[in-house]
Amino acid sequence: MNTTPKVIDSVVNNNLCIGCGMCVYKCPSNALEMQWNEHGFLIPKVIENCDLNGDCSDVCPFNPFPKDEVKSEDELAKICLPNSTQFHKKIGKFERIYAGYSNEFRLSSSSGGLATYICAELLEKKHVDHIFSIKEASKPGTHYEYAISSSKSDLLIASKTRYFPVTLATVLSEIDNLEGTVAIVGIGCFIKAIRLAQHSEPKLKEKIPFLIGIICGGVKSSFFTEYLASKMDIEASNIQKPQFRKKDITSTANDYSFSCSDADNEEKSIKMRIVGDMWGTGLFKANACDFCDDVTTELADISLGDAWLDPYYKDGKGTNVVVTRSLVAENLIKEGIRNNDLAMDLLPLENFLASQQGSFNHRHNGMAARIEIAKNNKQLVPPKRYEQEKLTIDFKLVQKQRMQVRARSLAIWKKNPDAKSFDKQMEKPLDRLKFLTKIYHKRRRFTHLKNRLIEEIGKRIFSKNKMK
Ligand SMILES: Cc1cc2nc3c(=O)[nH]c(=O)nc-3n(C[C@H](O)[C@H](O)[C@H](O)COP(=O)(O)OP(=O)(O)OC[C@H]3O[C@@H](n4cnc5c(N)ncnc54)[C@H](O)[C@@H]3O)c2cc1C
């Protein structure tokens, strides 16, 4: 008889685990524990006998066999955000969209400081008693972890973006033993895991009445941190206090740096634009992210990202894009504007879509190609909303190459964790990706011009016929 937990069989063994750890919480026989894998990700490992009840896969955001009522973010949103008044295919259920920043938290935050502001207001206005977000780890062997904040001063040390693997594995058990209610900050798949847990255990809805969503372009392995440190000649074992988004307020918002201290506590930093494109290439990214089509953290009460948009990106102090999805979230924003705590513009939908253009293109338009490739490799994949898109061969080749770059970056770093050697070995695959992307862009531009020309000719013929 197969005694492997379902989540290991269908998710972890198909390289679909994102490390949220909800399966560890849900397992009634305590058979699972989160451990670091060989590629710098946190995944569940079997430590006890499993009773095979399958709860573990029911709460997994990448479960290849979800129940129909929670098949995708669309179905789940109907359950957990029943009162949102608007819906858009690409961003889910919502109330309003804004761009702006918090006057108090902007400079101490990664973007416009809205995440810290919302957490502080939730505590201040007693919507919740505690917040779980990311702080420096208390135990060795990791840099960051989920931790509790119950005051504004606590929240300040929990601000800033951490491109580092974290897990919720013990968070929900801690919450079970806590007095009062809790809000949790999380990226899309973690928020989905919490919504699935709330669906299977309704008492969690009362205990966790608010979720703060962080818009996510992909989860990076701990190798990403090691690589950036190695660029500054700091060895992995000596990395201290990595900071992923050090602002340069005299420059643009996307001109940020990575910094960390070495063994002698000396801080070094490197501009990310010198390092090169770490996001569009898929370097050091989790495989599961290639099978996520939730670009805007659709299941949170509020979703927060970066306003990579003109004119906002020109201000190095940072600006958020904000999607409110529940009444509480919408009221917090409105009140913040009224009190002059927040400087916000209502953002037209098309501008918001443009701010996440690259992510939509990759995760929605390219999904069908990646699913086809995975299925050809006999790998299970979760059902996706964008798996039927028709794709051109050039775009499929871009997707295939990106998947190879992603896998290769992890394999190469595992073998030899040295930035110079890594850059050399990744040169060819990255050049090929650049070349294929260029062809795709050119063909797309050509198709666009051709369609416009055909349209123009059609219009002229039509108006001539009309005149006759
Ligand atoms: C892995 C990752 C990828 C991202 N990709 C994109 C993207 O493609 N496009 C985009 O627009 N924005 C992206 N962001 C979001 C962006 O970096 C900012 O976090 C967001 O705009 C909020 O900024 P802020 O100034 O309001 O946050 P702050 O006020 O600085 O607060 C940040 C909050 O996020 C929490 N946090 C930090 N790291 C994590 C983490 N790993 N998991 C969960 N919570 C965390 C902190 O504890 C804090 O509560 C990403 C964030 C992460 C963590």
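**View 1. Contact of helix H4 with helix H8.** In this predicted model, Glu73, Leu76, Ile79 and Cys80 of H4 meet Lys192, Arg195, Leu196 and His199 of H8, where contact means heavy atoms within 4.5 Å. The residues of this contact between H4 and H8 divide into four nonpolar, one polar and three charged, with Ala, Val, Leu, Ile, Met, Phe, Trp, Tyr, Cys and Pro counted as nonpolar, Asp, Glu, Lys and Arg as charged, and the others, Gly among them, as polar. H4 spans residues 73–80 and H8 spans residues 188–200, and the two pack at an angle of about 55° with their axes 11 Å apart; axes are lines fitted to C-alpha atoms, for helices over the stretch in contact, and angles run from 0 to 180 degrees between N-to-C directions. H4 and H8 are therefore oblique to each other, since angles under 35 degrees count as roughly parallel, over 145 as roughly antiparallel, 65 to 115 as roughly perpendicular and the rest as oblique. Helices (H or I, at least four residues) and strands (E, at least two) are DSSP runs, numbered from the N terminus.

**View 2. Contact of helix H5 with helix H12.** The axes of H5 (residues 114–124) and H12 (residues 327–338) come within 11 Å and cross at roughly 100°, which makes H5 roughly perpendicular to H12. On the H5 side, Leu114, Tyr117, Ile118, Glu121 and Leu122 meet Leu332, Ile333 and Gly336 of H12, and the residues of this contact divide into six nonpolar, one polar and one charged.

View 3. A backbone N or O atom of Ser111 lies 2.7 Å from a ligand oxygen atom, and a polar backbone atom of Ile215 is 2.7 Å from a ligand nitrogen atom.

**View 4. The peptide bond between Asp310 and Pro311.** Asp310 and Pro311 are joined by a cis peptide bond, with omega about 5°, and Pro311 has its place in the loop between strand E13 (302–306) and strand E14 (320–324).

**Notes.** Residues are numbered from 1 along each chain as its sequence is written, and side-chain values use heavy atoms, with hydrogens and water left out. In this predicted model, local features need pLDDT of at least 70 and side-chain atom pairs count only at pLDDT 80 or more, while totals for chains, interfaces and linings use all residues.

Terms used:
Polar contact = N/O pair within 3.5 Å; in protein donor to acceptor, adjacent residues only side chain to side chain.
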